[in-house]
Every structure is written in structure tokens, then in C-alpha cells.
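This report describes one protein model together with its ligands. Please look at the sequence and the structure first.

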Amino acid sequence: MHRLRTTVARLRPFTAAQTAQSISQSRLLVVERSLRTFQLARCLNTSVTAEPFLNGTSSNYVEEMYYAWLENPGNVHKSWDIFFRNANAGAPPGAAYQSPPSISGTSQGLASVQTLVGAQPNVEKLVKDHLAVQSLIRAYQVRGHHIAKLDPLDISCVDFDDAPCAVGFQNVEFSHYKERLCILTAQGLYGLAESDLDKVFRLPTTCFIGGDETTLPLREIIHRLEMAYCQHIGVEFMFINDVEQCKWIRQKFETPGVMHFSLEEKRTLLARMIRSTRFEEFLQRKWSSEKRFGLEGCESLIPALKTIIDKSSQNGVESVIMGMPHRGRLNVLANVIRKELDQIFCQFDSKLEAADEGSGDVKYHLGMYHKHMNRVSERLISMSLMANPSHLEAVDPVVQGKTKAEQFYCGDTEGKRVMSILLHGDAAFAGQGIVYETFHLSDLPSYTTHGTIHVVVNNQIGFTTDPRMARSSPYPTDVARVVNAPIFHVNADDPEAVMYVCNVAAEWRNTFHKDVVVDLVCYRRNGHNEMDEPMFTQPLMYKQIKKQKGVLQKFAEKLITDGVVTAQEYEEEVAGYDKICEEAYARSKDKKILHIKHWLDSPWPGFFTLEGQPKSMSCPSTGISEEELGHIGNIAASVPVEDFTIHGGLSRILKGRANMVSQRVCDWALGEYMAFGSLLKDGIHVRLSGQDVERGTFSHRHHVLHDQNVDKKICIPMNHISPDQAPYTVCNSSLSEYAVLGFELGFAMASPNALVLWEAQFGDFHNTAQCIIDQFISSGQAKWVRHNGIVLLLPHGMEGMGPEHSSARPERFLQMCNDDPDVFPKLSEDIAVRQLYDCNWIVVNCSTPANLFHVLRRQILQPFRKPLIVFTPKSLLRHPEARSSFDDMLLGTHFKRIIPDDGPAAAIPEKVKRVIFCSGKIYYELTRERKNRGMDDAVVVVRIEQLSPFPFDLVKAETDRYANADLVWCQEEHKNQGYYDYVKPRIRTTVNHTRPIWYAGRDPAAAPATGNKQTHLMELHRLLDTAFDVEAFAGKV
Ligand SMILES: Cc1ncc(C[n+]2csc(CCOP(=O)(O)OP(=O)(O)O)c2C)c(N)n1
Ligand SMILES: [Mg+2]
């Protein structure tokens, strides 16, 4: 038969050296703890005094010697040979070592060794055979999964045509299983012969197949190992560094009789299989030409998830947050999350009207939140399935962030109450880099969710591509090995095996609070979707699939044969569920309106009115009292703990801050401090995450102080503002944008009462997280009616640093704004708030610390949540003019959407020749140049601080005021970048197309900035020349 190289086909037999290596890897920790780690045959503890040469530093050497000796005793010196023989023959500590012969004559030591070994003529054979048995056991533990029967189609067997694939070996001839074992060990039975099969061997303490017995005949040893490791479950775990964890897993799979289920459990399993299978069949019957990405071929996913949830609920979990792709999503909504069936069925009606604002999403992307009583644990459990885009795996970090937030807000520091489950397709799990990035968050203190259970629907295909073209790793799950997660491969056509591994996975998480992967090896009965013809591309696989009996049918037949249920009971259960579907279908016909609100994955109880509207349409002043400014400023300038030595340079920085506070001014860092500190004081949690955010990429922030003498002794002054403040989280992230931004977005979803910020190291790095920005942040509310107040801090500015590190690409964010450039909004009292409410996100470039302070506080004080994109400065962080007085931050003050010019020209507006509109740092270059040119009376410079939603009303006030002036947009970015394309039509609309908007800025370019400093300065001079040449546009139209 043509064999597809799928799950394991790329694997090759282990060489003895590899076996030794893997054993030695897994034993690394033992080496530290127990000196005689090399000894496989007996209990390993011995004292250093008895064998002083076996100390920590030499243990690696001894271990190497041991493995060399194992391969061939002649590989090592005679004295080592004797030592290992004696040790393995059971010599007590201190007795195994015999000193080598003296040069001069006879050796006392050797003579006595010969006595010891020689006294038992068969010892050598015995030792050899025991070692062989132990190597064999180890080979099963390490590589048993290679020959387990994981593939229900039986087409993914190891690439050796003659390797038997039958489950178990008990019915196979010795010659057959010898061959089979060759795959495992490369050495067959390590020299053991058929005649040894009935010999009894002592079992190592690292093996649990004996149950209560410590010895077993070889035949039984092999049989039990086959049963534990080579049936429908393949356990991949021996790469895990922690010996206790390895031992725990061995116990779970080796202990005889572990896979026992009660009649009740089997019946429940059957009922779940019925629901899973009949749900898809029902959809197929009713809507045969609709895409639904059905689960057929992996129906056991539903009992798998339910088992994980039951077990976790029994262990105390109260909230499960799930992320999953398209495959089987409706089934999961119906049968795991328990969404009402009529709500699902009505989605298939093309005449269903959308009731909500926004554009909505297709049915297999919507999220869901539901709280119910878990029938097994009899405890309440809330379940949410996160809405997600088509972009596979993008939701992974978002789920993790939301999970972390829920844990954080309920004080669940160990993940005992809240957990996440992530589902994956085999192709996406192996192919998408975000999976790897997300795994790397799993053990970081500020990002860990204390273990995620990953379930892979491994249908051995991705759309039309089979695994040999889709990945370079043997399994789709290999990425999980980087974090030492155990991987349980299981044949999804065996629901009991699936249930067993899911139980173990849930227990694993509950015990170790680490990630674990369940790989459901299955198939996809139909094409990629129900409309697709799979025979075009996978003819042989699909010939096999067509012959394949459905898993429910197989399982039901088995249970009926075993007398667990009768045929009649089974049929009644099927009919019962079909009836439930029919009744829901009838009800679904009454539904005429779709409320996406009903599909919210993260409701914020109490934040909106019952109708889902903001409770007001106004935003209070974002200023704070003088006293508060002073207090927070003093905290920012101090080390609020005793006995803490900070760096001298930092002392100077803090002194500088203290000076500013005494002079009632803020620089950029202090402005940010005031915003965070005041929100914290009011009980709003603030979380700032990103690469090197604790100090700040530009060394301006210093939110975490490090004692110069004591490792890990840190102080976060922001947490010393007031005794009843909310906690401040500031965390340097892993070097990832995609996962970390996704994580923070998820964190921000959990609660409206938190300011969650992600800072890019430089603004342009956001593009490696583009999917989170496009698919979630800019469009999330429109698709899923879900508000989110995440803040992106994107350092931006043309400072001669080259093509990268210069531009945060404002044009991209502005291009995604949903405000209409051609419509001047209706003027009203609350226009500013209304505009904010209507927009998809807010884009600002603040030029003063006070404005940054206000815009950050406004994020929380406004009565709804919107993402905020802030282009933050670099050189302005230390610019002497980029400072704000406390006066601009006091109670009664607000964020300024634009900052009009208040210089001499503003006093005589009719004389003004030019209004230069600009945004961000270029303002300071413009005003300096204006001064140098003596043009303070002739030109005004107006800063647009909030680019989107565009402040039409305030810009109009400026254009009206300077009615005789020409209007120029000036930017430091290139013409095809920056803000120009966004602001130009909007200013034109503002002036009703009566006046042109001229451009002063860099020419269009492919790269964001030049790499040449000279060119950079020349470009700057040129654009300033244009900006201040009042004749520059004369005669042009
Ligand atoms: C990031 C991304 N790239 C491409 C696609 C298009 N696409 C949709 S499903 C699919 C195959 C997915 O295969 P797999 O992960 O094995 O899931 P399955 O459909 O087999 O359950 C592809 C390539 C996508 N949705 N997302
Ligand atoms: Mg697949």
C-alpha cells in the first residue's frame, strides 16, 4: 500500500548511541542529586564517602564511561569494567570499586574481584541480560510512540513496508516482534533470545509495569510495555528535563489496569459521541450546501474537551477560556459551550437581519460566553470561546492574555481557578510561528497562565496539502517540545483512549501547572469544507476514508457487544438527540434578527446599560489636583523603600525629577507617571508590557529599580503611591510582537477597568504583529461588538536613525480609520465624545507630556472603550521645550485635540500669511526655524494632536480665524507616508474645498527614511525651507 508519510514516517531507528544520549538527557537532574546515576539495575543512592571518586563533577564522566561500557566492556579500562560489573551485580556501596593492580606485583583488589564475580559464573550473562531488559524498557518509554497504532486510517505507519502495524504483540510470532523492536532499539532485543522470553527479570524502579510485582518474565514485560506504549496511545515525554514529571507520566501509562472505565463513564462517553456525530449529520441533512467546516472524522473531539473540562472542574477550575479554529467550531459551541441550538441553526438563514452596529462576522468565527452547572463535578463553570478571525492560531495569545487577566483579577496566582484550552489544526500548529511565540510566554512570570491544554485535531491534512509537504518535523506537535510539554498522541477512533489521555492531560495541568498537548490523530471525512472535492488531491487517502466505518458506529458496536448498552438503548439515545435538534430547528425559524451581542465572549457586566449603550456621552475632566501631582511626582523621584542601593546615574535622574516636581513641570516620563499613578490611585489596574519597558528603550522610564548589590532585589515605586491603590504591572516581555500584543489585547478584554498598554521597542516593529492590529484591534468591535481599550505606544520620529527605527508607519493606522474624509460632522456639544464613540480606534501624536497624561487618563474616564494608538517621541523625551506645567494637568483641564498657536501671530490673525498644520515632533523644529527666520508674526503653527477621529470642528476654527492665510500641511515623513493622505481630504472638507492644502515634507519614497545622516539633514532643511517660503506655492493651483 502507498504509505503517506504523516505522523511518524520520518522517524528512523535509534542507534545505541542515541538511546544512551536520550537516557543521559533525561537523567541529567538525577546526576545532580544522586551520584551513582549510571546504575540502571538497582537503587541509585550511595554515599560519597563510600565511593569518593563519584562526586558531582565527575558524574558526567562516569556516566559516559558507563555507556561506553554498556556498548562494549572492552571500551573502558579494566578497573572500570570490574567496577561496573560489581555494581550491577549488586555490590554494596564501597564494595564495587577495586583498586587496580600495583605496578610491582599482584593485586589484592583484582584478586578479590575475581572472587566476587568468579564466585557466580553466570553473573556476566545475568548482568548483560538485565541491562538488555532495562534498555528495552527504556526504548519503549522513549520511542514506543513510534510504533503505536495512532492512525485510524492505517496509512501513516512507520515507513518500513514490512513493519507490522498490528496493535500489541501477543499474537505475533517472536520473529515479527523482534523486527518490530528493531524499529525501537536498532538492536532488536539487545542480544536477548527467544529462549529468554520466559526468564524472570527484576524491574527497574523507574518502571511501573509490574504493579505490585518487582519481577516479571520477559514475555510479560514486553507485553505490558506494548500495552502501555504501543496501542492507541503514543506518549512522548522522555525529553522532559524534570525526573519527577517523567516518573508521573510513566506511572499514568504503565500501571496495569489504569485504563479502566466504569459502565457509567462508558455510557456518558457514548452519549457524547452521539451528540457530536448526530449534530454534524443534522447540519448536513438540513444545509448540505453550506460551509460549516464539520468535524466528521474527529467526532471524539467533543468528548475529549468535555473530559478535560469535567476533570478540571472537579479539580476546582471555575472558568475555562478557549480558542479554536474553524474545524468543528459549531459543534463545540453546541455541545461543549452549550450555545442554544436554535441560535446556531438560525445563522444558516440567509434572510437573518443584523441587529447590531458593525459589519458582523461569519458564524464559524463568533465567540460565546456561557455559565452552567457541570454535571460531573456539580460545580458552576463559565466557559468562553473567543471570537477569532480566519487567521489561524492568531487567537492563541489573545486567549492566554484573557486567561491571565481573569486569573489576576480573581487572585488566582497558580491557575487553579481559571484555565485556557487551545485547539489547533495539524497544519496550522506546525506552520504558524505564533504558536511558538505563544509557547514561549507559557513560563514567564507576567505571562504564564499556569498551563494550557492544547488539543490538536490532527486530521493529517491542511486544506489540500498533506503533511510531507507541510512540515519538516515528524509530528505536527513538535513545537511543544521546546517548553517540555508532554505530548499525548492518540488514535481518535478509540474514544476510550481519547478520554483517558484527556483525563491525564487535565491531571497533569492540575499537578504541574504546565502546558500539555493532546494530539488527536484522526482524518477529515469530507473536503476542507463541505463543498470541496478531496479526491482531486488526496485520492488514495480518500479511497481509504470512504471505506472507513464511522467512529460512533464502531464504538457503539463495541459497547453493545460488551454489554455496556443494548442496541435499543443506543437507538433511543440517538433518536432523543435527533429530536432535540429538530425542535431547535423549528424554533430557529422564528428568529428573524441576529444579535451579535448574544455572541459576546467577554461581557463586562455593569459597564454598559442593559441595552448595551454607554451610560453617558460625556467625559469628565481628565485633570487631577495639585496635591496629587506633587505626591505622585515625589514617588517618581524617590526610592520608597529602606536599605536599597540604586545606580549613581539613576540617582541623578531621580534628582532631576524632584527638581521638576519642585518647579511644577513634567517631562515625558513624568507625564506618563502622573497618568499611571493617578489611575492606580483610583483603583484602576495599569499594565505596561513590551520589550524592555521597565527601564524604557530610551532609558527614560525607570519604573523598576534594581538594587546594585543584591540580585533580584527590585523596587517598583509606582506600587507605593497609596495603600489602597490598584496594583501596577510593568513587565519586560519576550522578544515577540505578535504574541505579546495579542496577549495584551486579550488581557484588556477581561475588564474595562484597566489600562493595558503595549509598547513597541520602536514603532516600526509593530508590523510583525500586523495580524493582531488588522484582525482584532482595528476591526474587532465591528466584527464582534466587543470594545477594547488597549493602548499601543509606538516610538516614532525621523531622527537620522535609518530606514528602520524611524517610522511607526502612521499612514497604515490612519488608512484603517473609519471616519469619513468627505463628511463634516454635525456640530454639537458632545461632538468630541460622539466622534470617539463612532470611531474604530483613536490615533494621536502628542507633542506635550500634559497631553499624553490626558489622553491616557481619558482612556479610562470616557464611558466606552476604544483602542488608542499613540505615536510616541524619542528625542522629545529629553527636549527642554517638551515639558508641561502642572497647570496644564490640573482639575478642569482636558486633552487638547489640537493645540492652536498662541504666539504673536495669533494676536493679529488677519496678517498671518500661512497656517502650518503639523503633528508631533516636527512642531519643535518648525517653531525653532520660524524664530531663526524672524517669522513669528507671519506664520502660525497649529498642532493636530488627535489625528483620528479628525477634529474637524477645531480645525475649522483655525482655518476661519486665519482667513487670509494659505494652508500648509507639514510633516517630516515622506509624502506617501505619514499623515498627509489622511489629513488633506479632511482639511479640504473643513474649508469646503475653497482653499488648497499645500504640502511641505519629504518627497515620496519607498523606504521610510534614508540611512545617510547628511541626506536626512538635507531633506529636513529642504522641507523647512518650503514650509517657510511664503511664496513657495504662489501661482500654483
Ligand atoms: C494564517 C492563515 N493562513 C492560511 C489560511 C487559509 N487556510 C484555512 S484552513 C487551512 C488549512 C488548515 O489546516 P489545519 O490547520 O490542518 O486544519 P484543518 O482544516 O485540517 O482542520 C488554510 C491553509 C488561514 N486561514 N490562516
Ligand atoms: Mg488538518
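Histidine 805 sits in the loop between strand S19 (791-795) and helix H28 (810-815); helices (H or I, at least four residues) and strands (E, at least two) are DSSP runs, numbered from the N terminus. Although histidine 805 is a residue other than glycine, its phi has a positive value, near 70°. Another loop, between strand S26 (946-948) and helix H33 (952-961), holds proline 949. A cis peptide bond, with omega about -5°, joins serine 948 to proline 949.

The model is predicted: local features need pLDDT of at least 70, side-chain atom pairs count only at pLDDT 80 or more, and totals for chains, interfaces and linings use all residues. Residues are numbered from 1 along each chain as its sequence is written, chains are lettered from A and ligands numbered from 1 in the order in which they are written, and side-chain values use heavy atoms, with hydrogens and water left out.

The average pLDDT (the predictor's confidence in each residue, from 0 to 100) of the protein is 88, and 87% of the residues score at least 70. Over residues 101-119, pLDDT stays under 50, and the model has 18 contacts (heavy atoms within 4.5 Å) for them beyond four places in sequence. Residues 157-172 also have a pLDDT below 50, with 41 contacts beyond near neighbours in sequence.

Taken alone, ligand 1 exposes 580 Å², of which the protein buries 74%; the areas come from the Shrake-Rupley method with a 1.4 Å probe.

Which protein donors does the magnesium ion (ligand 2) have? Asp426 (OD), Asn459 (OD1) and Ile461 (O) lie 2.0 Å from it, where donors are N, O and S atoms within 2.8 Å of the metal (3.2 Å for Na, K and Ca). Aspartate 426 belongs to helix H15 and isoleucine 461 to the loop between strand S9 (452-458) and helix H17 (467-470), so the pair ties together parts 35 residues apart in sequence.
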